[in-house]
Amino acid sequence: MPAVTAWQEVADRIWVRRYDPYDVNVTVVAGTDGAVLVDTRTSLAEAAEVREHLAALPIPPLSAIVLTHHHLDHCLGAGAFPGLPVWGTEGCRAALRSHGIEQRERWVADLPEDEAVDVRASPLVPPDHTVREQAELDLGDRRVVLCYLGRGHTDHDLVVHVPAAGTVLAGDLVEVGAPPDLEEAYPFAWPATLGRLEALGADTVVPGHGGPTGAAFVATQREELAHLAALCREALGGRRGPDAVLHASPFPAATTRLALARAAVTAA
Ligand SMILES: [Zn+2]
């Protein structure tokens with residue numbers, strides 16, 4: 001079943017829409033004086049569709065684009081919104097500048113030609129407004145807090161907190177409907193970063209992929225990632241073999257193998 005959904009208002013004036021491919025979330029946070037779009041899908045063509053869908057929402061004109069991280073399914077549509085400030089972490093800007101083009105080429109290699117043409121034609125847009133630890137966007141009657149809470153899914157995941165709405169947009173730090181993606185992850189740091197996200201006290205959590213969720217799901221994902229990290233620690237210390245790790249892991253084998261590989265290169 002395709003994941004494409006209508007806009008869903010998950011909290012006061014926060015709308016989420018799920019899109020295929022990748023069941024990726026695009027979120028709009030609106031205030032009286034502006035609105036921000038968080039994540040942009042994978043190409044100019046896909047983002048143009050988002051722009052059309054935005055016309056159905058009772059919101060002021062967009063005032064900013066926010067990118068949760070440098071993975072192209074979240075950020076490669078940003079070029080469809082010229083003239084708007086683009087917010088992201090310093091690490092997101094650095095990653096897009098240093099290996100964005102290479103990432104796009106790798107991405108394109110796995111696509112059918114018609115989709116590859118769209119992706120290749122989509123410019124990389126590194127954030128021109130960056131967050132080191134925290135920044136605030138003023139939307140009139142409410143503020144949106146952009147936070148970097150530590151390493152996890154990548155070394156630069158941005159969390160979007162809307163305190164007045166009790167809502168957090170977690171990017172790929174939280175994943176619903178599929179295992180967390182550890183390809184560029186920090187398995188030992190991720191659980192503590194999720195702990196800091198939980199400490200924001202949000203009732204509504206929008207993951208990077210899959211349906212909106214809440215605090216209990218995040219707690220479970222944190223515990224599973226902590227379990228995985230402990231298994232990786234044992235494997236690195238020679239106290240548990242790879243097969244035993246795969247057997248005990250709360251995640252599928254492919255996810256666990258990625259975690260073991262990343263644990264070996266990111267161990268503190
Ligand atoms: Zn990602």
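Q: In this predicted model, is Glu136 buried or exposed?
A: Count the C-beta atoms around Glu136: 12 others lie within 10 Å.

Q: Which strand holds Glu136?
A: Glu136 is found among residues 134–138. That run is strand β8.

Q: Which residues does Glu136 contact, leaving aside neighbours within four places in sequence?
A: Contact here requires C-beta atoms within 7 Å. With the sequence neighbours within four places set aside, the list for Glu136 is Arg143, Val144 and Val145.

Q: What distance separates the C-alpha atoms of Glu136 and His161?
A: Along the chain, Glu136 and His161 are 25 residues apart.

Q: How exposed is Val145, the residue in strand β9?
A: Val145 sits in the strand of residues 143–148. Val145 has 16 C-beta neighbours inside 10 Å. Buried needs 20 or more, and exposed needs 12 or fewer. Val145 therefore counts as partly exposed.

Q: Which residues does Val145 contact beyond four places in sequence?
A: Glu136 of β8 is one of them.

Q: How far apart in space are Val145 and Val159?
A: In sequence, 14 residues separate Val145 and Val159. From C-alpha to C-alpha, the distance is 8.2 Å.

Q: In what sense do strands β1 and β2 pair?
A: β1 covers residues 8–11 and β2 covers residues 14–19. Three bridges join β1 and β2. One of the bridges links Ala11 to Ile14. The sense of pairing is antiparallel.

Q: Which residue in the turn between β1 and β2 has a positive phi?
A: The two strands form a hairpin, with two residues between them. A phi of about 55° belongs to Arg13.

Q: How are helices α5 and α6 oriented relative to each other?
A: α5 spans residues 190–198 and α6 spans residues 215–236. Their axes come within 8 Å and cross at roughly 160°. Angles over 145 degrees fall in one class. The two helices are therefore roughly antiparallel.

Q: What is the handedness of the crossing of α5 and α6?
A: Trp190 and Leu194 are among the α5 residues that meet α6. On the α6 side, the residues include Val218 and Leu225. By class, this contact has ten nonpolar, two polar and two charged residues. The crossing is left-handed.

Notes. Residues numbered from 1 in each chain as written. Predicted model: local features only at pLDDT ≥ 70, side-chain atom pairs only at ≥ 80, totals over all residues. Axes fitted to C-alpha atoms, helices over the stretch in contact; angles between N-to-C directions. Helix = DSSP H or I, 4+ residues; strand = E, 2+ residues; numbered from the N terminus. Parallel < 35°, antiparallel > 145°, perpendicular 65-115°, else oblique. Left-handed = near helix turned anticlockwise from the far one by under 90°. Contact = placed C-beta atoms within 7 Å. Nonpolar A, V, L, I, M, F, W, Y, C, P; charged D, E, K, R; others polar. Pairing = 2+ DSSP bridges.
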